There are 2 protein chains.
Amino acid sequence: MHDWIFVYTGFSPKEEGLREALCTLGNGYFATRGAGPEAEADDIHYPGTYLAGGYNRLTTKIAGKEIENEDLVNIPNWLPLNFRIKGEDWFSLKNVEILTYRQELNLTKGILSRLVKFQDNKQRKFTLINQRFVHMGNPHLAAIKLNLISENWSGEIEVCSALDGKVINAGVERYKSLSSRHLEPLEASPVEGGSMLLKVQTNQSHIRIAQCASTHVYSGNQRLEPNFHFIEEKGYIAKNFTLELEKQVQISIEKIMALYTSRDHAISECGLEAVKAVRRAGSYLELLQSHFQAWSNLWRRFEIDINITRPDENGYKERVMNLYIFHLLQTTSPHTLHLDAGVPSRGWHGEAYRGHIFWDELFIFPTLNYRLPEITRSLLMYRYRRLPEARYAAEAEGFKGAMYPWQSGSNGREESQRIHLNPKSERWIPDNSRLQRHVNSAIAYNIWRYYQVTDDMEFLNFYGAEMFLEIARFWGSCAVYNPNSDRFEISEIMGPDEYHDSFPGSDSPGLKNNAYTNVMAVWVLKKALILLDLLAEDRRIELCREIGLEQKEIDRWKKIIKKMRIIFHGDGIISQFEGYDQLEEFDWEGYRKKYGDIQRLDRILEAEGDTPNRYKVSKQADVLMLFYLFPAERLEEIFTELDYPLRRIPYPKMSSII
Amino acid sequence: MHDWIFVYTGFSPKEEGLREALCTLGNGYFATRGAGPEAEADDIHYPGTYLAGGYNRLTTKIAGKEIENEDLVNIPNWLPLNFRIKGEDWFSLKNVEILTYRQELNLTKGILSRLVKFQDNKQRKFTLINQRFVHMGNPHLAAIKLNLISENWSGEIEVCSALDGKVINAGVERYKSLSSRHLEPLEASPVEGGSMLLKVQTNQSHIRIAQCASTHVYSGNQRLEPNFHFIEEKGYIAKNFTLELEKQVQISIEKIMALYTSRDHAISECGLEAVKAVRRAGSYLELLQSHFQAWSNLWRRFEIDINITRPDENGYKERVMNLYIFHLLQTTSPHTLHLDAGVPSRGWHGEAYRGHIFWDELFIFPTLNYRLPEITRSLLMYRYRRLPEARYAAEAEGFKGAMYPWQSGSNGREESQRIHLNPKSERWIPDNSRLQRHVNSAIAYNIWRYYQVTDDMEFLNFYGAEMFLEIARFWGSCAVYNPNSDRFEISEIMGPDEYHDSFPGSDSPGLKNNAYTNVMAVWVLKKALILLDLLAEDRRIELCREIGLEQKEIDRWKKIIKKMRIIFHGDGIISQFEGYDQLEEFDWEGYRKKYGDIQRLDRILEAEGDTPNRYKVSKQADVLMLFYLFPAERLEEIFTELDYPLRRIPYPKMSSII
């Protein structure tokens with residue numbers, strides 16, 4: 001394949017946060033943001049490292065309330081690798097004059113590199129080259145390199161290579177008033193061969209995390225053995241040494257890091273395994289080569305190679321699409337198979353959304369199903385393991401079957417907050433997002449599509465069918481028969497459009513008869529009937545007995561399939577929910593003029609004492625999602641059985657979508 | 001199916017250890033020995049509870065040596081549930097006159113019960129009924145019940161229900177001089193609803209273990225609410241309460257226990273999950289019913305129902321065979337699928353062999369492959385996760401590919417001791433058992449048979465082929481060409497027969513050209529060639545590149561297949577190893593007379609300053625294993641290609657084997 005490379009030129013403090021997110025390197029097991037190895041968390045930089053599914057819960061007392069949040073934990077920063085001219089300040093982009101700055105993210109090879117030429121306040125000129133990778137072959141390894149050349153100066157420099165477990169969760173501005181100290185120090189000590197070991201644990205979920213790092217110095221091919229000493233603090237360890245830097249002679253410093261946690265399989269103890277892994281890792285170059293090999297295998301399966309380039313675009317669209325794939329593979333990869341992790345909406349790239357699992361897999365699985373369906377299976381197993389919790393949630397609200405949470409983290413309870421702070425108004429407002437029960441249909445849909453692509457009957461028999469039927473039971477018990485309309489109705493829910501979480505003037509949260517929700521519920525029930533037929537009789541009987549599914553419940557499903565209520569506008573267009581046509585038109589022009597960026601209209605309106613609930617506005621596709629998920633023929637079948645007309649609008653052609 | 005029940009009548013202190021092992025209840029996740037709820041570890045009883053794959057390493061200084069052992073840890077005892085007449089001694093079998101004693105292990109339902117009628121030294125008569133189960137549906141739950149009737153006395157009794165984390169590993173007599181304290185206390189505290197929580201962790205592998213238990217009392221259907229108090233000690237918690245016992249009125253005490261560890265999936269924190277699980281568990285009776293349901297599903301797949309009963313045997317053989325299946329399912333079950341555990345030679349039923357994984361899966365998988373092959377797959381994944389360690393072991397001894405250890409535990413390093421103590425002679429003697437490299441062929445054989453039964457190409461592509469080829473490479477590099485004989489030879493190994501670990505008079509450990517090892521190596525290499533053809537070209541190229549397998553290595557395999565050396569006796573019978581025919585005949589008659597039980601002939605001879613190496617004796621099938629693993633036709637193919645004659649002896653008929 002091509003070498004897909006993203007190049008940033010010039011250092012831009014304002015852009016740095018975004019760059020760090022887009023330059024995150026990961027392997028499905030952990031991910032590290034693209035902050036420089038000299039960077040500390042401040043107003044510009046945020047070096048963060050995250051474990052797939054590495055959560056911890058903390059309680060904050062704030063404005064008289066106790067708020068518990070489950071966060072994706074920022075684990076110790078393994079990057080620190082910096083230098084200074086002896087007796088002077090450590091290198092920092094702030095303190096030097098930058099002459100050249102070029103950062104490259106090589107998607108093909110999975111490496112991030114940076115070249116900085118700078119001059120300090122004594123006119124000493126240096127060239128600094130950094131390179132790093134998070135190993136795609138061995139998920140426990142990563143490495144970072146620092147090459148340094150002085151252009152016009154010789155003298156002693158001091159180098160510091162550290163593992164920093166003093167980090168906190170501070171990546172999201174609006175979470176800053178919440179508790180953020182998730183790590184407790186356990187051990188910081190030198191180990192065999194001049195390496196160092198740092199062990200910490202999360203203070204509530206008690207995940208033990210061990211990082212071991214070696215740091216070696218080379219001048220050309222020659223390994224140098226400078227004297228070194230360790231700085232050991234609680235939750236922090238550094239190896240410091242002094243080098244002679246000769247004018248125009250490049251010094252190379254290579255740091256190899258191994259990361260293990262108490263949740264890993266096939267370990268005796270995470271610290272012991274981390275030390276062993278560094279000892280056996282081989283050289284930076286050897287690791288780099290096996291890393292390339294692993295990426296090359298992945299790209300062979302995943303590269304998007306469509307000829308849609310217009311000469312003036314210079315392959316832009318393909319590059320962007322492969323950037324999506326690249327970040328997807330950092331979040332979920334073949335290493336996901338051995339974990340108990342879901343796929344979070346923002347990757348393991350930072351702290352936004354707290355690494356929670358929403359419904360985004362719906363958009364991701366189509367890509368995985370045809371390339372490495374084992375990953376889909378593994379991510380569906382994340383759901384299966386949380387089926388008991390989803391059953392409990394359904395029961396607690398008086399429903400049957402399983403009700404998966406809108407936000408899922410460690411153990412599958414609902415992680416959505418019941419109230420949240422609007423940073424614009426500084427008011428606590430109710431958060432009804434948990435009413436997005438449609439996440440359940442998404443899970444069922446994903447099970448079905450995975451089965452269709454793979455014919456994996458073993459999964460269906462042992463895991464998929466049970467989840468699917470329990471979700472069907474949930475919808476079956478959610479839908480309430482209304483004798484006035486002779487239709488089944490679903491109330492107190494939210495559709496995918498998060499600008500509408502209750503009807504204006506209504507006391508109760510949620511909406512009634514959201515079309516997306518209702519149609520998906522019907523689809524789930526229809527497929528549940530087919531699924532029951534697909535199972536071997538033995539297994540069907542066994543499973544129905546296990547979950548207590550009886551014929552009368554199935555008979556009810558058959559009625560719902562024919563009599564679910566869908567609301568239409570006068571012109572035959574499907575209405576988003578009951579009463580949508582009574583909402584006001586929104587003054588788009590006026591608000592665009594007033595606020596410029598109106599992406600978070602919800603916050604703008606709330607700060608004005610208003611709410612998007614009153615208007616015909618939409619945060620994202622809602623009823624339209626149906627046309628994303630199904631060909632029109634399938635939708636027509638559903639509507640025909642419901643005895644509703646479906647206005648058929650020709651689909652736009654592919655070229656105009658792209 | 002029938003209700004298969006094993007009944008023990010009468011209490012037999014000498015037999016109790018064996019009974020406790022045979023009455024172990026487990027569910028693949030954990031297992032608890034059949035000791036009574038009043039029993040403490042002493043010279044008669046040994047209440048032990050073990051997690052599947054719950055290992056910890058300890059070092060012992062003994063006779064000037066530092067010995068490190070990895071043990072299967074005896075985790076806290078959740079059974080304790082006892083009573084006493086107020087102010088007197090706690091009930092103990094030692095202090096009463098036993099009138100009736102009947103213990104029943106119900107295989108069909110997975111319950112252990114015991115009825116004891118006894119009279120104390122004041123002529124007070126009681127009937128005590130215990131029942132327990134380890135839940136087969138929810139692997140984290142277990143429960144135990146105590147029913148008590150006083151025949152001729154009324155008065156106050158005191159009840160104690162405890163979780164005891166002060167236990168040590170003391171189940172094996174000859175390990176007793178070794179370090180045995182594996183647990184550190186973390187927390188012992190009352191929790192919501194009158195339940196209690198105990199948390200401990202293993203002191204080296206840092207597995208956190210949480211047990212939560214509720215204890216409820218009933219008189220008939222009526223729940224009693226006696227006053228209670230907790231006894232909280234380091235690593236121990238008990239709930240004590242006082243009850244009025246009325247003459248001839250039965251009191252029922254039900255204890256429900258939830259067990260979680262830090263290694264579990266889908267948890268936030270193990271203590272929190274254990275408390276939650278007890279809160280949501282439902283009643284003893286509800287749990288019992290869902291437990292029956294789970295066993296009934298298992299038996300539908302696993303029951304051995306062959307009509308081989310002779311009237312005089314009363315179904316004995318079927319009962320025994322289903323007892324084997326029962327214990328197999330307690331060691332490895334559908335719950336194994338979510339663990340990283342192998343299948344140990346003695347189950348999770350006690351501390352013998354330290355719960356290590358040998359080659360026994362070779363004998364177990366045929367049963368699993370046709371009933372729940374997913375379990376086989378999961379157990380093979382235990383091996384796959386330890387492939388890097390096996391590769392390292394091969395490299396460390398100068399071989400290619402992967403060399404799996406003879407004894408495998410937590411992280412797949414070789415857990416066999418290099419020396420061990422002969423309890424008969426009290427001498428430390430070298431232990432060469434690690435030279436049983438044939439464990440590698442067993443793993444390859446298991447992969448192949450699993451594939452043959454299931455056609456699971458996904459497993460083969462992603463895991464099985466890699467392990468298989470790496471094992472083939474190991475044999476390819478083990479076999480050394482001898483130009484004198486124009487044959488390849490394998491030295492310094494042991495066959496399955498552990499009575500022969502070196503040749504008499506030789507300085508070097510191990511044997512040369514063990515027929516079983518050599519033939520299995522040839523079989524592995526032959527199948528490796530077929531396997532390479534089975535893989536899709538893309539995957540084959542990718543995999544060969546990943547493991548560095550080149551054509552010249554494959555060419556060497558082709559030579560070995562034609563020229564491996566097998567030793568024959570003069571009469572054409574395959575010799576166990578090179579030089580076997582020079583060994584002395586053993587004086588069976590004399591030794592039987594002298595020692596009676598000569599099962600551990602190795603220890604007897606070593607104590608005499610002799611060794612079984614000198615004799616034609618065998619601990620277990622060695623060359624004969626070939627005829628267990630293959631039909632004669634397959635063996636003939638192998639020997640024909642090797643240009644050796646194979647004397648064909650007709651197989652015994654099935655009826656005479658059984």
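Okay, quick definition before we start: when I say contact, I mean heavy atoms within 4.5 Å of each other. And keep in mind that this is a predicted model.

So, how many residues does the contact take from each chain? It takes 42 residues from chain B and 42 residues from chain A. Put together, the two chains bury about 3,900 Å² between them, and 45% of that is on carbon and sulfur atoms.

Now, which surface do the copies use? 100% of chain B's interface residues are interface residues in chain A too, so the copies meet through the same surface.

Let's talk symmetry. In general, two copies of a chain are related by a rotation about an axis and a shift along it.

What about charges across the interface? The rule finds eight salt bridges there. R301(B) also forms a salt bridge with E542(A), with the closest N and O atoms 3.4 Å apart.

Last stop, a pair of helices in chain B. Helix α6(B), residues 373-385, packs with helix α8(B), residues 438-454, at an angle of about 145°, and their axes are 11 Å apart. The crossing is left-handed. Residues making this contact include L380(B) on α6(B), and I443(B) and Y450(B) on α8(B). The contact residues split into six nonpolar, three polar and two charged.

Notes:
Residues are numbered from 1 along each chain as its sequence is written. Chains are lettered from A and ligands numbered from 1 in the order in which they are written. This is a predicted model: local features need pLDDT of at least 70, side-chain atom pairs count only at pLDDT 80 or more; totals for chains, interfaces and linings use all residues. Side-chain values use heavy atoms; hydrogens and water are left out. Axes are lines fitted to C-alpha atoms, for helices over the stretch in contact, and angles run from 0 to 180 degrees between N-to-C directions. Helices (H or I, at least four residues) and strands (E, at least two) are DSSP runs, numbered from the N terminus. A crossing is left-handed if the near helix is turned anticlockwise from the far one by less than a right angle, and right-handed if clockwise. Ala, Val, Leu, Ile, Met, Phe, Trp, Tyr, Cys and Pro count as nonpolar, Asp, Glu, Lys and Arg as charged, and the others, Gly among them, as polar. Buried area is the accessible area (1.4 Å probe) that two parts lose on being put together, summed over both. A salt bridge is a side-chain nitrogen of Lys or Arg within 4 Å of a carboxyl oxygen of Asp or Glu.
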